[in-house]
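Happy to go through this one with you. Let's take the labels one by one and see what stands behind each.

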Amino acid sequence: MAHGATTGTCAAAAAKAAALHARGVSVSRTLEVPLPGGERAEVELLAWGGSRAHPWASVRKPVTEDPDATRAAVVVACLSPADHTSFRAGSGVGTVTRPGLQLAVGEPAINPHPRRQIEHALSEVGDKSWQVTISVLGGGAIAAKTFNPRLGIVGGISILGTSGTVRPWSTEAFLGSVDAHLGVVRAKGQNIALLVPGHMGERAASRMWPGLECDEVGNSWGKALDLVGKHGFGEVLAVGHSGKL
């Protein structure tokens with residue numbers, strides 16, 4: 001893949017490989033999986049095994065030029081028999097604890113696009129009736145470097161991927177986190193979007209407006225303001241170092 005795979009694509013490939021192993025099909029080192037937009041991608045597998053009733057497989061997320069905390073992370077999919085497809089957060093994958101995200105409180109932090117991608121990949125093997133447990137080795141430590149604690153996702157990272165591929169040096173993941181956090185803040189009833197460019201602005205805002213939750217937007221002010229409008233905030237307050245602003 002020229003652009004690399006998202007964690008969602010890695011999870012879909014691991015789940016498909018595990019399902020093939022459960023059927024006794026010989027699994028090769030590379031595997032083709034569907035992407036959310038209808039394209040297809042080839043993903044390299046790391047390992048696979050387990051019994052036919054409880055198969056597993058793993059994929060190491062490719063290292064691209066995108067400065068993402070999950071580069072080189074190992075994504076593992078474990079399957080267990082079930083009446084219908086369901087998802088479970090394994091070690092290193094977070095659980096949603098705050099309203100306002102795409103998932104209900106208590107759900108594993110595996111976003112809707114990756115869920116559908118995993119289901120599609122499993123259907124290509126001919127069987128979708130599995131409980132799918134997704135784990136990420138060291139995901140708890142990785143999550144500490146992301147926005148997940150602020151979003152109320154505890155225990156690990158989120159399984160993401162709207163397009164299924166990571167574009168080099170894209171800000172898609174960062175803006176996705178801003179979008180998600182604005183949704184969480186609005187869901188709790190805060191009508192003021194408190195935007196800061198970085199940590200200095202965040203520290204100042206927490207001193208001056210301790211009752212408001214702020215959003216770090218970096219240099220993406222135009223797109224951040226679009227997201228503020230999307231979530232229906234009534235006011236915008238920008239706080240930061242004068243030189244930075």
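A residue counts as buried when its relative accessible area is under 20%, as exposed when it is over 50%, and as partly exposed in between. Keep in mind that this is a predicted model.

Q: Why is Lys-16 called buried?
A: The cut-off for buried is under 20%. Lys-16 has a relative accessibility of 9%, so the label buried applies.

Q: What makes the contact between Lys-16 and Glu-124 a salt bridge?
A: The rule asks for a side-chain nitrogen of Lys or Arg within 4 Å of a carboxyl oxygen of Asp or Glu. For Lys-16 and Glu-124 the N to O distance is 2.8 Å, so the pair meets the rule. Lys-16 lies in helix α1 and Glu-124 in helix α2, so the bridge ties together parts that are 108 residues apart in sequence. Lys-16 and Glu-124 also belong to a network of salt bridges with Glu-32 and Arg-40.

Q: What makes Lys-188 and Glu-213 a salt bridge?
A: The closest N and O atoms of Lys-188 and Glu-213 are 2.8 Å apart, and the limit is 4 Å, so the pair qualifies. Lys-188 is in the loop between α5 and β12, and Glu-213 is in the loop between α6 and β13, so parts 25 residues apart in sequence are tied together. Glu-213 is buried at 16%, while Lys-188 is partly exposed at 45%.

Q: How many salt bridges are found in the whole structure?
A: The search finds eight.

Q: What makes a space a cavity, and how many are counted here?
A: In a cavity a 1.4 Å probe fits but cannot get out. One cavity of 30 Å³ or more is counted. The lining of the largest cavity includes Phe-147, His-181 and Asp-215, and α5 gives the most to it, with three residues.

Definitions and conventions
Residues numbered from 1 in each chain as written. Predicted model: local features only at pLDDT ≥ 70, side-chain atom pairs only at ≥ 80, totals over all residues. Heavy atoms only, no water. 1 Å grid on protein atoms, 1.4 Å probe; cavity = no way out; pocket = protein on both sides within 12 Å on 5 of 7 lines; lining within 4 Å. Points joined across faces, edges and corners; volume = space filled by probe spheres on them. Helix = DSSP H or I, 4+ residues; strand = E, 2+ residues; numbered from the N terminus. Buried < 20%, exposed > 50% of the residue type's maximum accessible area, 1.4 Å probe, protein only.
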